[in-house]
Amino acid sequence: MTAIPFLDLKAPHAELRDALDGAYRRVMDSGWYLLGREVETFEQEFATYCGVRHCIGVGNGLDALHLILRAMDIGAGDEVIVPSNTYIATWLAVSYAGACPVPVEPDETTFNIDPGRLEAAITSRTKAILAVHLYGQPADMDSINTVAQKHGLQVIEDAAQAHGARYKGQRTGSLGDAAGFSFYPGKNLGAIGDGGAVTTNDDGIADRLRVLRNYGSKVKYCNEVKGYNSRLDELQAAFLRVKLTCLDKWNSRRTAIAALYLEALADTGLSLPHVPDWIDPVWHLFVVRVEDRKQLTDNFDKQEIGWLIHYPLPPHLQDAYRDLGIPANAFPIARQLAQDNISLPMGPHLTHAQATIVAKVCRDTFPVLRGL
């Protein structure tokens, strides 16, 4: 049996080879490689796609979140609410800005930050809520925005896994004061290398972002502030322009695979993703929970089926955040998710036949599994 990869990164290039080769030649022939026409055009196209006025291309998704916080003047002495279960980049952005990440547990049904727990975490130093659209499923933004407005807080979307997802018909990237996107190669909209962007309807934030990403400069050699070097390059922007034309089609393919999994695994010992009826996820990941994860991963390994864990250790248990002094048992939901989640193969080029094999292995493992 042919091995089934967790995510096939060769297939997108094969599908778009001619268009990507054309984009490469266009950039190389131009002789302009930073902050040129390709970046400007991609920014316009992605802003239109997300339904916002501004898109600012930056070096990567972590920079996108960090520079949003800088543009909002959030720094030393401030607190930013973050999910207790997320990739560590969400927390790192807060730390880079000099602020303190304040974790809040997720809703156990969606894995996204629980709006009902936010107010208990707000203090006089809280300046923003950084909500993650985890695994490509939008967080409950109306509830989050209501709490933020009540307390005068900014709302930032970490949309690194949610390119094209919709919340009540509105695309992610347009649901808060600003949003950070990653174009890491494995994302739904991935570059061929690193890249990121900020989307916003706030003219002031957009203007500050454009200065901050380019050494604090609007005019060459004239520096208004102590800025950074974080620029989406022309080549990656050109590649992203090609892939953006396929994003909705590729997201639809992911949705079809998710539907197959949901139907085939409905009566097994796996705890399946819950999708509220007011969102349209883009299935960056298909994450299930299972009591005895090793039984399933061993069977996947025997069948050469790729799998990953998102994520094996919550940020508060990482050595990097030992300085916060958070007790190991402080966030039991995040800790339990880390212990029992597993991500099944998912991607726009995973075939129906491959997904069927993955589902069969899950079902065959069922006799030794117990539902959560």
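User: Which helix supplies the largest share of the lining of the second largest cavity?

Analyst: The model is predicted, with local features needing pLDDT of at least 70 and side-chain atom pairs counting only at pLDDT 80 or more, while totals for chains, interfaces and linings use all residues. Residues are numbered from 1 along each chain as its sequence is written, and side-chain values use heavy atoms, leaving out hydrogens and water. A cavity is, on a 1 Å grid over the protein atoms alone, a set of points where a 1.4 Å probe fits but cannot get out, and lining residues have an atom within 4 Å of a point. Helices are DSSP runs (H or I, at least four residues) and strands likewise (E, at least two), numbered from the N terminus. With three residues, the largest share of this lining comes from helix α12 (residues 332–340).

User: What volume does the second largest cavity have?

Analyst: Its lining includes His310, Leu337 and Asn341. By class, the lining holds eight nonpolar, four polar and no charged residues, where Ala, Val, Leu, Ile, Met, Phe, Trp, Tyr, Cys and Pro count as nonpolar, Asp, Glu, Lys and Arg as charged, and the others, Gly among them, as polar. A volume is the space filled by probe spheres set on the grid points, which are joined across faces, edges and corners. For the second largest cavity it is about 80 Å³.

User: Is Asn341 buried or exposed?

Analyst: Asn341 belongs to strand β14 (residues 341–344). Buried means under 20% relative accessible area, exposed over 50% and partly exposed in between, with a 1.4 Å probe and protein chains only. Because its relative accessible area is 2%, Asn341 is buried.

User: Which residue has its backbone oxygen 2.7 Å from a polar atom of the Asn341 side chain?

Analyst: A polar atom of the Asn341 side chain also lies 3.1 Å from the backbone nitrogen of His310. The backbone oxygen in question, at 2.7 Å, belongs to Leu337.

User: What is the volume of the largest cavity?

Analyst: Among the residues lining the largest cavity are Thr109, Phe111, Trp283 and Val287. This lining has eight nonpolar, four polar and no charged residues. The volume of the largest cavity is about 110 Å³.

User: Which strand gives the largest share of the lining of the second largest pocket?

Analyst: The second largest pocket has a volume of about 250 Å³. A pocket is an open set of points with protein on both sides within 12 Å along at least five of seven lines. Three residues, the largest share of its lining, come from strand β10 (residues 217–219).

Terms used: Polar contact = N/O pair within 3.5 Å; in protein donor to acceptor, adjacent residues only side chain to side chain.
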